[in-house]
Amino acid sequence: MSAPVRVWLNRTYAENVFFIEQLRAAPRPVLVHATHVDADSPVLAAADRAALEPGDLTPDAYVAYALDYCARHSIDVFLPRLNQLAISLHHQEFEAIGTALACPPATAIAAFDSKADGYAALAAAGLPTPPWWQVRSAADLLTAVDRIESAGLTACLKPVSGAGGEGFRVLTREPFGLHRLAGWDSRVQVEQVAAALDAAEEPADLLVMPFLDGPEVSVDCLADRDGTLLAAVGRSKHRRRRSFTTAPRYLEPARRVVESTGMAFLSNVQFRHLAGEPIVIDVNTRPSGGLHQLRLCGLNLPWNAVQLALGERPDTDWPEELAGIEYTLVAGIQPVLPREVPFGLGLTPVELVH
């Protein structure tokens, strides 16, 4: 049997336990390394080798840590999530020690490091984006909300930089009432946000835009090293129901995003709708948390990305028609590493490494 391909995932989302499962389903043996600052991360328990990361490093210091980790553990392919931009800037140093980076080039990552910069880049490329306002003061906020509400729409806000829906809020002028304590309520009063902006000691940087209609369509993309799109499948999300789409109204803008920026390897383009038309609301320069769902249509994009990093051509047929595949999501159970086992000692089936 050939030697396993050593793949490292640094600090990443809990959902990537499924990413690891797909790597293990590859036709060749894969040895998965995972690191995190949280000893309870399910990703550590899912990996073959696990280690705690230092939690207080600058991006440059983290690059030095990553280079050392790759050299000591003979990592073949590194899929960075944390400090992705800093790591990509040093891709030649990783290549010099025999580690291939499976992430977009630094220029593509930097283009979407700020959502404001990303929207500006998309608009310059003629791609559909929502109307948006960059807000740093109460006056900015009130102007943006007034313009959105005058068009008969509801305003929402999110941080200029962030991931996974962090900080997203729907803006309302409705007074607070006890009914707001029931269920899941993401609304916040406009006046409260304005007052907080006025009182803030540190400058804020927020985006305000209309709250767009669903369903949300999340297009998972795989591109070669030159940024040529090889595969793209949309996942349509409406309440609990999920389905797949290869409709050109989603895949063509996603292709233009990927190829105009050279977005190599795995990325994700998200859409909602304004007046019934798809609008790009976010571009992720990393694999999405729901990427594993594509295994329902016969795809293993995590392994295909590793193949590309190794200089190989993916060995799969891309689906053209996915109509009729519908599904829902349920919670699963993933063990965590026992707290009484110190890192650095052996543990079956996970081996803890320094």
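## Model and confidence

Residues are numbered from 1 along each chain as its sequence is written. In this predicted model, local features need pLDDT of at least 70, side-chain atom pairs count only at pLDDT 80 or more, totals for chains, interfaces and linings use all residues, and side-chain values use heavy atoms, with hydrogens and water left out.

The chain has a mean pLDDT (the predictor's confidence in each residue, from 0 to 100) of 90, and 90% of its residues reach 70 or more. Please take care with residues 340-349, where the pLDDT is below 50; beyond near neighbours in sequence, this stretch has 18 contacts (heavy atoms within 4.5 Å) in the model. Where pLDDT is low, the predicted coordinates should not be read in detail.

## The second largest pocket

The second largest pocket holds about 520 Å³ of space. On a 1 Å grid over the protein atoms alone, a pocket is an open set of points where a 1.4 Å probe fits, with protein on both sides within 12 Å along at least five of seven lines; lining residues have an atom within 4 Å of a point. Its volume is the space filled by probe spheres set on the points, which are joined across faces, edges and corners.

Its lining comprises 21 residues, and those nearest the centre are Arg81, Phe112, Asp113, Gly162 and Ala163. By type, the lining has 9 nonpolar (Ala, Val, Leu, Ile, Met, Phe, Trp, Tyr, Cys and Pro), 6 charged (Asp, Glu, Lys and Arg) and 6 polar residues (the others, Gly among them). At least two lining residues come from each of helix H4 (84-89) and strand E15 (277-284); helices (H or I, at least four residues) and strands (E, at least two) are DSSP runs, numbered from the N terminus.

## Aromatic contacts

There are 10 aromatic pairs in the structure, meaning rings of Phe, Tyr and Trp (its six-membered ring) with centres within 6.5 Å; planes under 30 degrees apart count as stacked, over 60 as edge-to-face and the rest as tilted. Phe168 and Phe211 make a tilted pair, 6.2 Å centre to centre with 40° between the planes. Phe168 sits in the loop between strands E7 (155-159) and E8 (169-172), and Phe211 in the loop between strands E10 (206-210) and E11 (213-223), so the pair ties together parts that are 43 residues apart in sequence.

One aromatic cluster is formed by Trp8, Tyr62, Tyr65, Tyr69, Phe78 and Phe94. Tyr65 belongs to helix H3 (residues 59-72) and is buried (under 20% relative accessible area) at 16% relative accessibility.

Note on methods:
Buried means under 20% relative accessible area, exposed over 50%, partly exposed in between (1.4 Å probe, protein chains only).
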